[in-house]
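Here is a quick tour for anyone opening this structure for the first time. Have a look at the model, then follow along below.

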Amino acid sequence: MAPELISKRPFSLIFPFFLLLITRPSNGFYLPGSYMHTYSQGESIPVKVNSLTSIETELPFSYYSLPYCPPSGGIKKSAENLGELLMGDQIDNSPYRFRVNINESLYLCTTKPLNEHEVKLLKQRSRDLYQVNMILDNLPVMRFTQQNGLTIQWTGFPVGYTPIGSNDDYIINHLKFKVLVHEYEGSGVEIISTGEEGMGVFSETDKKKMSGYEIVGFEVIPCSVKRDPETMSKHNMYDKIDSVNCPLELDKCQMIKEQERITFTYEVEFVKSDIRWPSRWDAYLKMEGAKVHWFSIMNSLMVIFFLAGIVFVIFLRTVRRDLTRYEELDKEAQVQMNEELSGWKLVVGDVFREPTCSKLLCVMVGDGVQITCMAVVTIVFAALGFMSPASRGMLLTGMILLYLFLGIFAGYVGVRLWSTIKGGSEGWRPVAWSIACFFPGIVFMILTFLNFLLWWNKSTGALPISLYFTLLSLWFCISVPLTLLGGFLGTRAEPIQFPVRTNQIPREIPARKYPSWLLVLGAGTLPFGTLFIELFFILSSIWLGRFYYVFGFLLIVLLLLVIVCAEVSVVLTYMHLCVEDWRWWWKAFFASGSVALYVFLYSINYLVFDLKSLSGPVSAMLYLGYSLIMAVAIMLSTGTIGFLVSFYFVHYLFSSVKID
């Protein structure tokens with residue numbers, strides 16, 4: 001469930017590039033999705049079940065935590081990558097059996113009389129709007145409902161329902177499946193795929209072998225049907241039964257009550273479709289309010305570009321004029337000018353004075369570099385199609401792997417900044433260790449607290465102890481050594497030389513009418529303007545179970561965010577220097593990093609006004625915990641961008657001034 005280190009193929013993020021290099025040209029290729037599987041007439045297709053999920057509680061539970069029919073061969077878990085485990089997925093086999101192009105109506109099982117605990121659990125899951133999630137050939141099941149004349153698309157189907165004006169609950173025990181198939185005859189398209197089933201390149205020699213039927217759609221109509229348990233229990237699993245229509249009368253529906261025996265049945269119908277396999281995910285990736293999404297983002301981009309461009313142009317002209325006037329004067333005139341004027345020129349002896357908590361600044365900048373690089377690479381990969389939603393958990397797994405291996409950049413930047421501030425590399429090892437532990441430590445503390453809540457509620461979203469040790473091992477064996485190696489390389493690099501000398505006695509900072517931190521906190525509103533629309537769609541995809549796949553837009557927003565963070569931080573740094581405030585280091589960091597405060601406040605706003613159905617303090621604490629992790633990561637990333645650009649600007653500005 002966490003907002004999705006070991007994938008089933010560890011090199012799955014890199015290997016596609018080698019395939020592209022060695023594969024001969026073809027008529028076309030398809031990148032996102034899973035390995036295409038063609039089925040022959042009458043071939044059996046396995047149906048899998050995922051965790052039960054709800055937008056009301058955000059606590060996933062195992063499918064077999066409810067009294068559903070178990071498979072005849074026993075429950076078997078599917079292999080899961082780390083991303084799936086962190087998101088709370090638990091994929092198991094199911095008793096449902098489909099045979100290609102064979103329409104049939106089958107009996108599954110009749111339960112034992114429901115006891116008090118089972119009735120209470122079924123009623124609770126029904127009223128909490130829990131959804132059953134089934135998977136066929138890597139496609140989640142989809143259903144359609146009519147509301148106010150509009151057709152609404154959902155993934156999964158409810159455990160049960162409570163009719164309006166009634167206190168009784170009814171269980172969904174009969175499913176009418178429709179499987180869309182496309183007849184494939186080998187059309188000469190080579191396919192490069194990255195999915196849970198693996199990766200492959202189909203060549204001309206494979207065409208004949210692949211002829212058959214592709215699964216291109218998976219739909220369901222859930223029903224509640226009351227049947228005579230004595231009569232139905234005489235059947236064996238997969239015995240054929242008569243097809244039924246979903247009853248509208250409540251007395252013909254299956255009520256949830258004690259000592260009731262529930263019969264589970266299903267129908268399957270195969271329908272030929274013109275949808276081709278590469279397009280089968282299009283139905284899932286249609287976002288609600290598409291026009292609003294496009295026009296709002298474009299409007300936001302135009303406004304931010306226009307505003308940031310004006311500020312930056314004015315700023316460049318101001319600095320250029322100051323430098324030109326200052327450098328055209330002779331030395332005596334410069335001294336006289338310094339006595340008569342105030343501004344950034346007067347803090348030349350203090351501007352590179354060591355900031356307070358310099359070690360913490362180096363640590364946060366190092367972690368910010370690591371997070372920023374991870375975000376950029378992940379979004380670029382996703383925009384290119386390597387992290388399709390068909391590959392469950394791939395996005396989160398890829399992010400964690402990238403974060404681990406990018407520790408070398410964090411160590412290098414943090415330690416080199418430390419050497420620059422201190423004038424030498426003494427004491428770099430504690431800095432490198434702190435970089436390796438700071439952000440992961442915050443995440444581990446929050447996740448551990450949330451995990452106790454999930455364990456207490458017996459949710460599948462709880463991380464098992466073995467996974468904790470796996471994460472710690474990967475962190476200690478990969479991220480920490482690479483961060484220390486990066487720190488060592490940072491000590492070998494030449495420290496950045498300051499262009500001016502620092503006075504021994506700090507210059508007094510003039511009193512101001514209002515605290516400078518108010519301006520710093522207010523500066524975060526401009527970067528937030530580039531984020532908030534996309535943030536709405538991302539939060540909706542995480543907490544409302546919607547698919548998010550407009551990574552091209554997200555990449556544009558990320559690039560725009562980097563530009564705006566850099567501009568805002570530089571402008572505020574210059575403003576502080578102009579009022580003779582030489583303590584710019586932390587203010588440059590938080591000028592852009594303060595956007596995280598608005599992101600967290602917006603998350604609270606989203607919880608109150610958009611997640612009204614979210615029930616219970618546990619669900620709210622889970623939401624706020626994950627939102628806090630997101631806000632900390634955004635603060636470190638945006639703050640680092642603003643600080644590094646401001647550092648380069650201040651260095652360039654004072655390098656341009658003639659100093660005796």
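## Starting at a loop

Let's begin with Ser 78, which sits in the loop between strand E1 (44-49) and helix H2 (82-86). This is a predicted model, so every value here is computed from predicted atoms. Is Ser 78 buried or exposed? Its relative accessibility is 19%, and because buried means under 20%, Ser 78 counts as buried. Setting aside neighbours within four places in sequence, Ser 78 touches Lys 48 and Ile 91.

## The chain as a whole

Stepping back, the protein chain has 18 helices and 16 strands. It runs to 660 residues, and 53% of them are buried.

## A hairpin

Now for a pair of strands. E7 (residues 142-147) and E8 (residues 150-155) run antiparallel to each other and are joined over 6 bridges. Across from Met 142 you'll find Thr 155 in E8. The hairpin has 2 residues between its strands, and Asn 148 there takes a positive phi near 55°.

Helix H13 (residues 516-523) has Ser 516, Val 520 and Ala 523 buried. Viewed down the axis of H13, the buried residues fall within an arc of 60°, so they line one face of the helix. What do the buried residues of H13 pack against? They meet helix H14 (525-543), helix H15 (551-578) and helix H16 (585-593).

H16 itself is mostly covered, with 8 of its 9 residues buried. The buried ones are Trp 585, Trp 586, Lys 587, Ala 588, Phe 589, Ala 591, Ser 592 and Gly 593. Their cover includes helix H8 (358-384), helix H10 (407-422), H13, H15, helix H17 (595-609) and H18.

Searching the whole structure turns up 38 aromatic pairs. Take Tyr 63 and Tyr 64: their ring centres are 4.8 Å apart and their planes stand at 90°, so this pair is edge-to-face. Both of these tyrosines, Tyr 63 and Tyr 64, are buried.

Another pair, Trp 584 with Phe 647, is tilted, with 6.4 Å from centre to centre and 40° between the planes. Trp 584 lies in the loop between H15 and H16, while Phe 647 belongs to helix H18 (residues 617-655), so the pair ties together parts that are 63 residues apart in sequence. Trp 584 counts as buried at 1% relative accessibility, and Phe 647 counts as buried too, at 8%.

## Charges over rings

The charged end of Arg 125 sits over the ring of Phe 61, at 3.9 Å from the ring centre. Arg 353 does likewise with Trp 582: its charged end sits over that ring, 5.6 Å from the centre.

How values were computed: Residues numbered from 1 in each chain as written. Predicted model: local features only at pLDDT ≥ 70, side-chain atom pairs only at ≥ 80, totals over all residues. Heavy atoms only, no water. Pairing = 2+ DSSP bridges. Helix = DSSP H or I, 4+ residues; strand = E, 2+ residues; numbered from the N terminus. Buried < 20%, exposed > 50% of the residue type's maximum accessible area, 1.4 Å probe, protein only. Arc of directions from axis to C-beta. Contact = heavy atoms within 4.5 Å. Phe/Tyr/Trp six-rings, centres within 6.5 Å; stacked < 30°, edge-to-face > 60°. Lys NZ or Arg CZ within 6 Å of the ring centre and 35° of its normal.
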